[in-house]
Amino acid sequence: MATDSEGFPAFHRALCSRQEEFLREVYERHQDVIRIKSEAVALRKLGLIFEKTLEISNHSGFQATSVRDLSEATGISMGSLYSYIESKDRLLGMILSYGRVVVDRTLRIPDAVTDPVARLRHVLRTHVYVTEVLQPWFYFSYMESRHFDRDARERAIAGELRTERLIIGLLEEGMARGVYRIEDPEFTAALIKPLLQEWYLKRWKYRRRNISADGYADGMIAFVESAVVRREPAATATTVTGEKHQ
């Protein structure tokens with residue numbers, strides 16, 4: 001998945017090209033519910049159902065969203081909708097599953113990236129990029145979680161903590177190699193997480209300032225690195241013998 005070397009447009013194209021792959025994984029996890037024989041049809045309709053559910057819910061709230069609303073938005077009859085989702089609770093589980101599949105797959109660090117700073121940079125930038133593409137899902141997951149039932153709420157919390165644990169692990173790698181100058185990686189990761197959430201919860205603020213996903217990623221990464229990366233002492237104006245450089 002293209003990230004910092006090619007920027008957000010390349011990442012966006014690559015992610016969109018994998019949408020069917022992500023939907024297929026959700027489809028396979030929920031085959032006990034989806035009663036559609038054609039996989040191609042099922043994947044296409046699931047993508048539409050997820051898109052419209054997020055669109056309606058982020059405007060009116062998931063609790064207030066009815067299957068009839070979804071039927072009107074998608075053009076799929078109510079009877080056919082139940083062939084995909086069974087119930088609103090099952091639909092919620094599918095939507096949460098879809099977003100988590102995308103996040104887990106895209107945040108994987110390439111084996112070739114071994115430098116601790118580059119590894120953390122990759123995750124932070126990729127997170128900004130994926131939340132830019134899936135902003136409706138991230139907004140939904142964050143804003144609606146207080147209305148979820150216990151199981152769905154625990155899944156949403158687990159997803160957020162999984163990302164935080166990934167950052168903790170990367171910080172600990174850098175500490176072990178003497179690259180980071182921090183004392184508490186858990187607390188540091190907890191402070192970094194809101195910087196990632198800021199992008200998808202308050203994008204309007206950065207739109208007004210003409211800050212793009214790449215611009216936000218650049219600035220946020222620079223800010224984090226200024227706080228955690230160990231810097232070599234600045235060179236002095238004298239040599240070891242005390243003589244000034246000519």
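The structure described here is a predicted model, in which the protein has 12 helices and 0 strands. The points below begin with the protein as a whole and then turn to individual residues.

**The protein as a whole**

- Read along the sequence, the pattern of the protein is α-α-α-α-α-α-α-α-α-α-α-α, and its C-alpha atoms fill a box of roughly 85 × 35 × 30 Å when this box is taken along the principal axes.
- The protein has 246 residues, and 46% of them count as buried.
- When contacts between residues at least 6 apart in sequence are considered, 66% of these contacts join residues that are at least 24 apart.

**Surface and charge**

- The accessible surface of the protein comes to about 13,400 Å², and 50% of this surface belongs to carbon and sulfur atoms.
- Glu 172, Glu 183, Asp 184 and Glu 186 form a negative surface patch.
- Glu 183, one of the residues of that patch, is found in the loop between helix H9 (150–176) and helix H10 (185–201).
- Glu 183 counts as exposed because its relative accessibility is 81%, and the cut-off for exposed is over 50%.

- Arg 108 and His 122 are 14 residues apart along the chain, and their C-alpha atoms are separated by 9.1 Å.

**Phe 8, a residue in a helix**

- Phe 8 lies in helix H1, which covers residues 7–17.
- Phe 8 counts as buried because its relative accessible area is 15%, whereas the cut-off for buried is under 20%.
- If its neighbours within four places in sequence are left aside, Phe 8 is in contact with Tyr 129, Glu 132, Val 133, Ala 213 and Asp 214.
- Between Phe 8 and Arg 155 there is a separation of 147 residues in sequence, and in space the two residues are 28 Å apart, C-alpha to C-alpha.

Technical notes. Residues numbered from 1 in each chain as written. Predicted model: local features only at pLDDT ≥ 70, side-chain atom pairs only at ≥ 80, totals over all residues. Heavy atoms only, no water. Helix = DSSP H or I, 4+ residues; strand = E, 2+ residues; numbered from the N terminus. Buried < 20%, exposed > 50% of the residue type's maximum accessible area, 1.4 Å probe, protein only. Contact = heavy atoms within 4.5 Å. Areas by Shrake-Rupley, 256 points an atom, 1.4 Å probe, with all protein chains shown as cover. Patch = residues over 30% accessible without salt bridge, like charges linked within 9 Å, V, L, I, M, F, W, Y side chains within 5 Å. Salt bridge = Lys/Arg side-chain N within 4 Å of Asp/Glu carboxyl O. Lys, Arg positive; Asp, Glu negative; His and termini not counted. Charge placed at Lys NZ, Arg CZ, Asp CG, Glu CD.
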